[in-house]
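Here is a walk through one structure, taken region by region. Have the sequence and the coordinates open as you read.

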Amino acid sequence: MKFTLSWLKDHLETDANLEQICERLTAIGLEVEDVDDKAAYKPFVIAKVLSAEKHPEADRLKVLSVDAGPDVNGGKPLQIVCGAPNARAGLVGALARPGDYVPGIDVTLAIGKIRGVESHGMMCSEKELNMSEDHNGIIDLPEDAPVGTSFAAYAGLDDPMIEINLTPNRPDCTSIYGIARDLAASGLGTLKQHSEPQLKLEGETSVGLSIDLDDENLCPGFGLRLVRGVKNGASPAWMQTRLKAIGLRPINALVDITNYMTFDQGRPMHVFDAAKVKGDLVVRRASEGETILALDTREYKLTPNNVVIADDNGVESIGGIMGGEHSGCDENTVDVLIESALWDPINIAKSGRALGIITDARYRFERGVDPNYMLPGLDRTTQLVLELCGGTAAEAKVVGYKAYEPKVVDFPFAEVKRLTGLEISSDESRQILDRLGFMVEGSGERVSVKVPSWRPDVDGKADLVEEVMRIHGVDHIKPEPLESIGSVNGKILTTLQIRTRTAKRALAARGMLEAVTWSFIPEAQAKLFGGGAPSLKLANPIAADMSDMRPSLLPGLLTAAQRNADKGLGDVAIFEVSGTYENDTPEGQRRVAGGIRRGTASINGAGRLWSNGAKGGGKPVDVYDAKADALAVIEACGLSMSNVQVEQGGPAWYHPGRCGTIKMGPKIVLGTFGEFHPKTLSALDVSGALCGFEVYLDAMAEPKKKATRTKPPLELSPFQAVKRDFAFVVESTVEAGAIVKAATSADRKLISGVNVFDVFEGASVGEGKKSVAIEILIQPVDKTLTDEDFEALTAKIVANVVKVTGGVLRA
């Protein structure tokens, strides 16, 4: 939002200087983004040409003798070489002297010689001073222009321009009047009260007007007035100067008036050439495929989502955004229709985005204009038209407009202290709200506050506290250090949050990449992985193939891996730690760590290496890669691995002979892993060597609280550890894990580890039998073990294994 200082002072009576105004604007939340104080124009002075003689060496150049006043060159005339065709004796113009920077040509002047004649300055054109594109001659001022004085002050070029960065919730400050109102409320001057227009109205607006919409909120009101007999020429110099200063190009008086109202009052207006309007005007939705040639000379294709103003010719304007070229006003306009309407902010924003149109009108309407100013804005615009263009105004025609009903907020003054920490008396709070235009009713510490029509952003008491705080001064809030804590804090994250982070780090450390997949999957995939319940179907899915909440992370990961493979990245290892859904209750949402490996993306490396087997193709991933990933997550989450059991078999989407289930005790399932069933891969249209896992982080028990928060001291045994090997012949159905568990439980104090290092099946061990060899690590704690100690421990190990598995020690 741009405005000049003089324009602001049209509405604000203040003695504050530019710096003070800018500081206060930022302090009350209207952040100043840029200030152009027009310092570049200050050096130029008004000068008079005393004589203009032909240059002795150039036909098109003249040697001027220029009087720049008593303060320049000691009052003596300056010699200047000039090539302007209008240079003559008696001309009064703008002089730039040596050392002055000329912005239009980006040059700092110096004394120079032009065809052998010294030149001590330059008589400037409008283009050279960035005033316009005119460079056909030097500036020609009236004869009575005061020689020797500042040209910038005389031409109004010394008016500083201020630009503020408005937040979307401040539509009231999209007008210069609204900015002045805020500054006055902050104590930086007095808001000027302008008298209401006194219009002499004759006749009625003869053009019919109606609203034909299925939703009245799309156009809550529309005002139209006919002004006959106008003369549409150039707007006055003061208006053109102000519009140019904020970057607008003057067009003609009628159009310039609407632009002036947009910035001055925050009230976008539009004018139609009444002679070009055929029949009545109607506000309606556009028909599919309708087009309009807009004022920017571009043609736009419309849809029923766009609200338009149309007549018998078709669409004449895109409501609240841009008018049409056909009904625009030009120098031939005699009768003009002035429009002042209200539009739905959301529809304006959507239409503007869809059509790709950015205008000052759209900027204001999509934030919300003052509904109470619709008719006063029409009167004010009419007054300007009559003053600048003449004519006779008719009675306004208004449809759909309803009086503004102010929002009422119950406001306890104590909220100011509670929300800001500032000690502001209720009297001061009341005065601030009054100055901002809020109507405070009631007495005591709790009042009712009516919100003014120009503040659609204020809804509740917290918004009122913000108003009081910003006007009182945010700088009054004293910074306070955080409260000092004398002891170490307890954990901030929940156990589940900690395990989520830990699982991600553990899988990333194993060479897997994190993926984020959709929480919704097709119904067929949901049923394939145990889901598809009616309670988990989406009422309004974003796509037909995203109809169900996922029961597992694996479908999304599998399809993601296939997409990578289709693009030439066949060896992928990806994981996700997120939610799955068993039912529509909070308990039915689970926190799961899942991952898959494809191709040769094992933890031991992948790709074309000479050490990876025949032809360097690498070993395909298998069930053991998935098992290792799953166990790594569980171990990283802090569970004791001695209590974790792995059982053969798993869900139906895994290969029945190449999958497993991880349990804690007989009932608690911690996760599953395995290679995928060919039918599962076929149903998902996925191919390749694939294995995967899922670990249920929420199934893990909470860790037991320890008596102390510090770790116990590290105790290392001074005695040498000893390894012993055992081989047991058991039934082929006996799991190796059962043997490991039985051996471990023989003496948990001495036995620190048990590993399976060989499994053998053959005729030498008997039909239906197998030999499982284990390595046991024995760590003495308080003494060196004797032969008798080892024999006793061996006997206990063998007895335990035989008792649990029914096997025998292999000879």
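## Two aspartates with positive phi

D685 sits in the loop between α17 (678-683) and β39 (690-696); helices (H or I, at least four residues) and strands (E, at least two) are DSSP runs, numbered from the N terminus. Its phi is positive, about 60 degrees, although D685 is not a glycine. For background, most residues other than glycine have a negative phi, and most peptide bonds are trans. D685 counts as exposed because its relative accessibility is 64%; buried means under 20% relative accessible area, exposed over 50%, and partly exposed in between (1.4 Å probe, protein chains only).

D106 is another residue to check: its phi is near 55 degrees, again a positive value in a residue other than glycine. You'll find D106 in the loop between β8 (101-102) and β9 (107-108), and at 57% relative accessibility it counts as exposed.

A quick note on the ground rules: this is a predicted model, so local features need pLDDT of at least 70 and side-chain atom pairs count only at pLDDT 80 or more, while totals for chains, interfaces and linings use all residues. Residues are numbered from 1 along each chain as its sequence is written, and side-chain values use heavy atoms, with hydrogens and water left out.

## The largest pocket

How much space lies in the largest pocket? About 1400 Å³. For the record, the search runs on a 1 Å grid over the protein atoms alone, and a pocket is an open set of points where a 1.4 Å probe fits, with protein on both sides within 12 Å along at least five of seven lines; lining residues have an atom within 4 Å of a point. Grid points are joined across faces, edges and corners, and the volume is the space filled by probe spheres set on the points.

The lining of this pocket has 37 residues, and K627, V646, E735, A736 and G737 lie nearest the centre. Several elements supply at least two lining residues each, among them α16 (623-636), β36 (644-648), β37 (654-664) and α18 (736-744). The one that gives the most is β41, with seven residues. By type, the lining divides into 16 nonpolar, 13 polar and eight charged residues. Here Ala, Val, Leu, Ile, Met, Phe, Trp, Tyr, Cys and Pro count as nonpolar, Asp, Glu, Lys and Arg as charged, and the others, Gly among them, as polar.

Helix α18 also holds K741, which is partly exposed because its relative accessible area is 44%. The C-alpha atoms of K741 and V801 are separated by 8.6 Å, with the two residues 60 apart along the chain.

## The nonpolar cores

The largest nonpolar core has 70 residues, and L25, I164 and I179 have the most contacts inside it. A core here is a set of buried Ala, Val, Leu, Ile, Met, Phe, Trp, Tyr and Cys residues joined through side-chain atoms within 4.5 Å. Helix α4 (residues 176-185) contributes the largest share of this core, seven residues. A second, separate core of 48 residues includes L557, A560, L631 and V695.

Back to α4: 10 of its 10 residues are buried, including R181 and D182. After the helix comes G187, with a positive phi near 95 degrees. As for I164, its contacts (heavy atoms within 4.5 Å) include M1, F3, L25 and I179, not counting residues up to four places away in sequence.

## Two more stops

N564 is found in helix α15 (residues 554-566) and is partly exposed, with a relative accessible area of 27%. Leaving aside neighbours within four places in sequence, N564 is in contact with L569 and V572.

E290 lies in the loop between β19 (281-285) and β20 (291-293). With sequence neighbours within four places set aside, E290 touches R284, Y300, K301, L302 and V315. The C-alpha atoms of E290 and G806, 516 residues apart along the chain, are separated by 87 Å.
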